[in-house]
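Visitor: Hi, could you walk me through this one? I'd like to start with the whole chain and then zoom in.

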Amino acid sequence: TRQKMKAYLNNIKVGDRGTIAEVSADNHIYKRLTDIGLTKGTEIECLQINAGRSLAVLLVRGARLAFRFEDLTNILYTPEPNKYSMKSEVVLLGTD
């Protein structure tokens with residue numbers, strides 16, 4: 001079987017796509033993120049990142065949602081294979 005790489009969502013770049021692998025945050029943040037649809041298996045796409053890299057706009061379940069990068073630090077995603085590049089700044093965590 002082919003193993004899938006995972007990365008922290010705060011390392012995503014504009015145009016990157018993938019699937020949420022894990023959301024692990026404190027209860028308040030976890031509930032907020034999952035309530036708006038950021039759950040395991042959800043497909044996401046990065047549409048925009050502000051100049052200061054403090055906000056990212058992600059396409060989640062057809063909606064454009066803005067996230068603070070600090071809230072993305074505890075979320076793992078699996079980048080789409082055709083978008084993944086070893087030249088990117090994605091922090092690799094291992095395999096399934």
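Visitor: What share of the chain's residues count as buried?

Guide: Of the 96 residues, 33% count as buried. Buried here is under 20% relative accessible area, exposed is over 50%, and partly exposed lies in between, with a 1.4 Å probe and protein chains only. One note before we go on: this is a predicted model, where local features need pLDDT of at least 70, side-chain atom pairs count only at pLDDT 80 or more, and totals for chains, interfaces and linings use all residues. Residues are numbered from 1 along each chain as its sequence is written, and side-chain values use heavy atoms, leaving out hydrogens and water.

Visitor: Let's move to the core. Which residues touch the most other members?

Guide: In the largest nonpolar core, which has 18 residues, those are Leu9, Ile20, Leu38, Ile44, Leu58, Leu72 and Ile75. At least two core residues each come from strand S2 (17–23), helix H1 (27–35), strand S3 (43–49), S4, helix H2 (69–72) and strand S6 (75–79). S4 gives the largest share, three residues. By nonpolar core I mean a set of buried Ala, Val, Leu, Ile, Met, Phe, Trp, Tyr and Cys residues joined through side-chain atoms within 4.5 Å.

Visitor: Why would such side chains be buried together?

Guide: In soluble globular proteins, nonpolar side chains tend to be buried together.

Visitor: Back to Leu38, then. What does it touch?

Guide: Setting aside residues up to four places away in sequence, Leu38 touches Ile20, Val23, Leu33, Ile44, Val60, Phe67 and Ile75.

Visitor: How many bridges join S4 to S5?

Guide: Six bridges join S4 (residues 55–60) to S5 (residues 63–68), and the two strands run antiparallel. Pairing requires that DSSP finds at least two bridges between the strands. Leu59 stands opposite Arg64 in S5. The two strands form a hairpin with two residues between them, and Arg61 in the turn has a positive phi of about 55 degrees.

Visitor: Is Arg61 buried or exposed?

Guide: Arg61 is exposed, at a relative accessible area of 58%. Apart from neighbours within four places in sequence, Arg61 is in contact with Gly37, Thr39, Thr42 and Glu43.

Visitor: What joins the side chains of Arg61 and Thr42?

Guide: A polar contact of 2.8 Å. That term covers a pair of N or O atoms within 3.5 Å; within protein, one must be able to donate a hydrogen and the other to accept it, and residues adjacent in sequence count only if both atoms are side-chain atoms.

Visitor: So where is Thr42 found?

Guide: Thr42 is in the loop between H1 and S3. Thr42 is buried, with a relative accessible area of 4%. Beyond residues up to four places away, Thr42 touches Gly18, Thr19, Ile20, Gly37, Val60 and Arg61.

How values were computed: Helix = DSSP H or I, 4+ residues; strand = E, 2+ residues; numbered from the N terminus. Contact = heavy atoms within 4.5 Å.
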